[in-house]
Amino acid sequence: MELRQLRYLVAVVEEGGFTRAAARLHLAQPGLSAQIRQLEKELGQPLLDRSGRSVTPTEVGRAVLPYARAALAAADAVRQTVDEHTGLLRGKVTLGLVSGATGHAFDVAAFLAEFHGAHPALEVALTEDTSERMQAALLAGEIDIALLGPTWEEPPPGLTHRTVIDVPLCAAVASGDPLLVPAGRTTVPLAELRDRPLICLPRGTGVRAALERGCARAGFRPRVAFEAASPQVLAQFAARGLGIAVLPLGEEGPGPGGGLCSLRIVEPGLRARIVLAWPATGPASPAARALLERLRETLPASPR
């Protein structure tokens with residue numbers, strides 16, 4: 001009996017068939033089938049029922065599966081222990097990143113290249129999504145660490161976070177907009193945006209959540225005319241006079257032809273935050289712990 005045969009057995013059961021299991025294992029299907037039959041011959045009992053549309057474990061196969069999984073987990077633990085003692089990290093870690101999360105403050109490509117150079121045997125998967133969905137994925141254990149814009153007022157139980165960016169929200173408007181009167185003003189009360197078309201990030205993002213909470217406290221619902229996932233696109237729309245872009249200060253840019261002006265939103269002041277978040281119990285694997293440690297070194301806590 002070989003570990004690879006047990007791994008093949010588990011894969012066929014989990015995938016419900018030889019074709020998908022072979023694709024997952026990057027093997028030819030005939031070779032996979034031959035290895036399973038060899039295992040069954042050695043044990044003297046069929047482990048899989050091949051008579052239906054999907055392959056299922058027999059009664060003996062169901063009894064064997066927990067021991068097969070335990071053997072594979074023990075073998076993985078042996079490799080992990082050796083790697084920890086030799087300083088080599090293996091495995092896969094998933095980093096979630098909200099679109100446009102850090103703007104120019106964090107070069108994620110440079111960071112991942114440096115981290116890969118330090119840990120060449122480690123696979124880092126990068127996924128982009130809304131902050132709301134990434135919060136749920138962290139709590140479900142589907143991703144290890146995330147850089148996101150929190151949609152919460154109080155962090156949910158089960159998550160730990162550290163703020164890395166904390167800036168005011170501003171209203172970015174085209175030159176000549178009535179909000180710029182009188183000349184020289186630098187702020188705008190939130191109430192003055194009540195009946196104006198707004199351009200904002202979509203629901204599920206921290207900026208949108210902050211805007212909607214602020215408007216609710218001011219007694220009105222924001223009139224969002226356009227949504228886009230990129231702050232730069234929002235700024236371009238605003239510069240063309242399509243509405244007022246609600247953006248983190250510093251993300252508004254000059255706009256086409258330099259015709260975009262920014263007013264910090266006040267009464268109440270709204271803020272955009274980016275946090276580094278991870279499960280409260282800590283990352284599960286040594287690989288994820290190493291990535292978190294490097295991120296915390298690269299992204300120091302941001303004072304408000």
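Two strands count as paired if DSSP finds at least two bridges between them. By that test, β3 and strand β5 (residues 145-148) pair in the parallel sense, over three bridges. The model is predicted. Its protein chain holds nine helices and twelve strands. The radius of gyration is 26 Å, well over the 19 Å that the globule rule gives for 304 residues, so the protein chain is more spread out than a compact globule.

**Overall form**

- Along the principal axes, the C-alpha atoms of the protein chain fill a box of roughly 90 × 45 × 35 Å.
- Buried residues make up 44% of the 304 in the protein chain.
- Take the contacts in the protein chain between residues at least 6 apart in sequence: 71% of them join residues at least 24 apart.

- The protein chain has an accessible surface of about 15600 Å². Carbon and sulfur atoms account for 53% of that surface.

- Strand β3 covers residues 91-98. Six of its eight residues are buried, meaning under 20% relative accessible area, so β3 is largely enclosed by the rest of the structure.
- Strand β4 (residues 122-129) runs parallel to β3, and eight bridges join the two.
- Leu-95 has Leu-126 as its bridge partner in β4.
- Towards β5, the pairing is again described by a residue pair: Leu-97 has Leu-147 as its bridge partner.

**Strand β12 and its partners**

- Strand β12 spans residues 271-279. Seven of its nine residues are buried, and the strand is mostly covered.
- β5 pairs with β12 in the antiparallel sense, over three bridges. In this pairing, Leu-148 stands opposite Val-275 of β12.
- Strand β6 (residues 159-174) also pairs with β12 in the antiparallel sense, here over nine bridges. His-161 stands opposite Ala-277 of β12.

**Following the pairings**

- Which strands does β5 pair with? β5 pairs with β3 in the parallel sense and with β12 in the antiparallel sense.
- The pairings can be followed from β4 to β3, from β3 to β5, from β5 to β12 and from β12 to β6.
- In a regular strand, side chains alternate between the two faces of the sheet.

How values were computed. Residues numbered from 1 in each chain as written. Predicted model: local features only at pLDDT ≥ 70, side-chain atom pairs only at ≥ 80, totals over all residues. Heavy atoms only, no water. Buried < 20%, exposed > 50% of the residue type's maximum accessible area, 1.4 Å probe, protein only. Helix = DSSP H or I, 4+ residues; strand = E, 2+ residues; numbered from the N terminus. Rg over C-alpha atoms; globule rule 2.2 N^0.38 Å. Contact = heavy atoms within 4.5 Å. Areas by Shrake-Rupley, 256 points an atom, 1.4 Å probe, with all protein chains shown as cover.
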